[in-house]
Every structure is written in structure tokens, then in C-alpha cells.
Amino acid sequence: MSGRAQLMWDDAVTGYDFGDSHPMDPVRLALTMGLVRAFGLDRAVDVVAAKAAGDSTLRLVHRSDYVAAVRAASADPRAADQDYGIGTTDDPAFAGMHEVSALIAGQSVAAAEAVWRGETGHAVNFSGGLHHAMPGGAAGFCIYNDPALAIARLLELGAERVAYVDVDVHHGDGVQAAFWEDPRVLTISLHEHPRTLFPQTGWPEETGGGAGEGGAVNVALPAGTGDAGWLRAFHAVVPELLADFRPQVLVTQHGADTHFEDPLAHLAVSLDAQRAVMAACHDLAHEYAEGGRWVALGGGGYAVVDVVPRSWTHLVGIAAHAPVDPESVIPSSWRDEVYARTRQLGPARMTDGRTPSWKAWEDGYDPADRLDQAVLATRRAAFPLRGLLT
């Protein structure tokens, strides 16, 4: 394998733009790439612009009638068919929607191909991670489900075991649905509890169906969960499952909306804890995925200046084996870019000033603690189906 990671990037992905009042502001992508360049990480990776996913690739997950509906709305947003989830408040139609959505999907698919073929060990597409799109409809700011498409392409290329770990604050419902009955794919999602957050799915009892029973694992975290609880839950569930499943490729989704500043959710996780989970995913890929094969994606994140660019720049640095020191001062050139684009002041350092720590599950649990109750519910629902002890 190549010793250099690949960073999938095309400036045109910033055209994924639902409009000025929409929380998914594409400036978050431009500012992330700007911060990557400000730290010189673009010289530590191979920056690759892949082609847009074609119809045959999109149909690995999405129905042909849905792709046709997206194309029609892309050509004339006024003709958007809301029966497909397009033209709604969450997913407004916009000119060129199909083309840019397919471009983002193409980056994730190409990342998966490069990792599978041994062209690189790690590949990052922070413009991806659009995990809510369903086979026949848009949902939750997501038009095409690039994580599911990347996994489906891996299966098409011959992969027999692919693990997907999603740490976005929202449940990775679209990816789970795509592989609900497929024993070749293990999906693990840590997210805010469905009682308090969209998409109201991701209960621990959702464990897969048919031949895929036990292939879906969900950790529903109480609102207000902070660093210690989030990290405890991750380490209480994810490593043991990956050690058992031994994926050939690890695909991870790193939505930054778990952060305490995010305006659309209710967890209280710091940038430093997000970085710790990124590092853990990197280590788990090296430990359990064949050859350390790792595809890392972005996702949600609506604190578009203060949080998202720093979080995903850490992700790129970790994948490049050139991690950015959390105490690093952010270059003034990038802060100037922030002000020029947004008229906001950018953060000064790459840290929230936290030192994340957690209590290992093996050290015991408190049955009265809400976080421990959530972890125990997941282990009791999913682990026996995989022959693991709760």
C-alpha cells in the first residue's frame, strides 16, 4: 500500500448548497480545506478529485426512479417532487443538485476503491458522510447516501466484511437500512437518543433482520452526554465488536454535531474528545482491518466556523499520520479567510482546552447511571446475537 493517505477534494463540492438560511452552509467545507492547507496537510496527503458517481453506481443503493426525480429537480427546482423528500424544508431543491450530490458520492466511492485496491491505506472525504438518504428518498440534508454507496462498491469489488462506525449525533439510519439484511456489513451508530432527536430511530433493539440479524448496533445516548460518557460508550462497544468481526475495511463517519456548540442537537462533546475518537478509529483500523484499510467521512456539523473546520482538519492530520497538536495556534491567514467569508472571528487554537478521559467498561458499571443504562441496553440487545457476552 502507498504510505500516503488520500484526501478527496474538488472545489465544486461547495456547490452542495441548500440556500442562505439553511444550517448546512457549504462554507464549512471551504473553511475546512482552507485550514488543511494552512497547516500544510495538503502536502502530507495525495489530494485527489474523483469523478461524479454515475447512474450505475448510484443504483447500487438508490432506486432509479429516485435518481430520475433528483435529476428533474436539479434541472428545474420548481418541479421538485416532495414525495421523494426533495423540495422540503430540510432538503430544498436547487439547480445542479444532482450533479454536486453525485460528485460528493463519487469522492466517497473513489476513496473506497483506492483503499480496497491498496493504492492507499487511508482515504478521507470530509464532504461526505451524508448518511440519512434512503434508497427512494432524500432526508436530513442528504440527497445521495455516499457512505452506503462506498460500502456497496466495496461489496461489489469482493469485500466480504465491511464495518461502518458512525459517531454523528444523529442516527446513521440510511446506512443501517441499506444493509439491514446483509451479514457482510456491520453498522455501529452512537447518537443522541431518538426520543430527543431526528430521525427518531436508532433504538438498541434495532439489530438487523434476516441473514443480517445482529449486524446493526445502536448506542442511544442521553441528551447532555459529555466527553467522559461519550468516550466510555464508544470504548465499551466498538472495539469488542470490531475485534470479533475483523472487517476487511473500516468505514467511519465523523459528524461534528456532537459538539457542545452545535445548534441542532443536545450532546456536550468537545473537539478534543472528537479528536480522541478519530485517533481511536485510526488505531482500530490498523489493529483489526486488513492492512489498516480505513475510509473516513465527514457528516453533520452546524457550528460551521468554530467547530467543523478544526474537527475535520484533525481527522485529515490523523489519517495522514501527521496529527495536528491540539495546542497548535491556528495560522492568522486562515482566520483572515474566516473573516473575509463570514465576517466572524475564527478560533485561535486547535483545542477546546479539554483533556478527555473515561472509565473503562471492564472496571464495572452503575445500573443507576443513565449513560451506563444506555450502554448496557446496547450490549444486551446486540452482543448475544454475535455470540458475545453482555
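User: What makes both faces of E4 count as covered?

Analyst: First, the ground rules: this is a predicted model, where local features need pLDDT of at least 70, side-chain atom pairs count only at pLDDT 80 or more, and totals for chains, interfaces and linings use all residues. Residues are numbered from 1 along each chain as its sequence is written, and side-chain values use heavy atoms, with hydrogens and water left out. Now E4: Val 162, Tyr 164 and Asp 166 on one side are buried, and so are Ala 163 and Val 165 on the other. Buried means under 20% relative accessible area, with exposed over 50% and partly exposed in between (1.4 Å probe, protein chains only). In a regular strand the side chains alternate between the two faces of the sheet.

User: Why is E4 called largely enclosed?

Analyst: Five of the five residues in this strand (residues 162-166) are buried, so the rest of the structure largely encloses E4. Strands here are DSSP runs of E, at least two residues, and helices are runs of H or I, at least four, numbered from the N terminus.

User: Which strands pair with E4 in the parallel sense?

Analyst: Two strands pair if DSSP finds at least two bridges between them. E4 has five bridges to E5 (residues 185-192), running parallel, and Tyr 164 faces Thr 187 there. With E7 (residues 249-253), E4 also pairs parallel over five bridges; Ala 163 sits opposite Leu 250 and Asp 166 opposite Gln 253.

User: What does E7 pair with over four bridges?

Analyst: That's E8 (residues 294-297), again parallel, with Gln 253 opposite Leu 297. Five of the five residues of E7 are buried as well.

User: Which elements make right-handed β-α-β units?

Analyst: E4, helix H6 (residues 173-178) and E5 make one, and E7, helix H8 (residues 271-288) and E8 make another. Right-handed means that, with the strands pointing away from the viewer, the path from the first strand over the helix to the second runs clockwise.

User: Why are H3 and H4 called oblique?

Analyst: Their axes come within 7 Å and cross at roughly 125°. Under 35 degrees is roughly parallel, over 145 roughly antiparallel, 65 to 115 roughly perpendicular, and the rest oblique, so H3 and H4 are oblique to each other. Axes are lines fitted to C-alpha atoms, for helices over the stretch in contact, with angles from 0 to 180 degrees between N-to-C directions.
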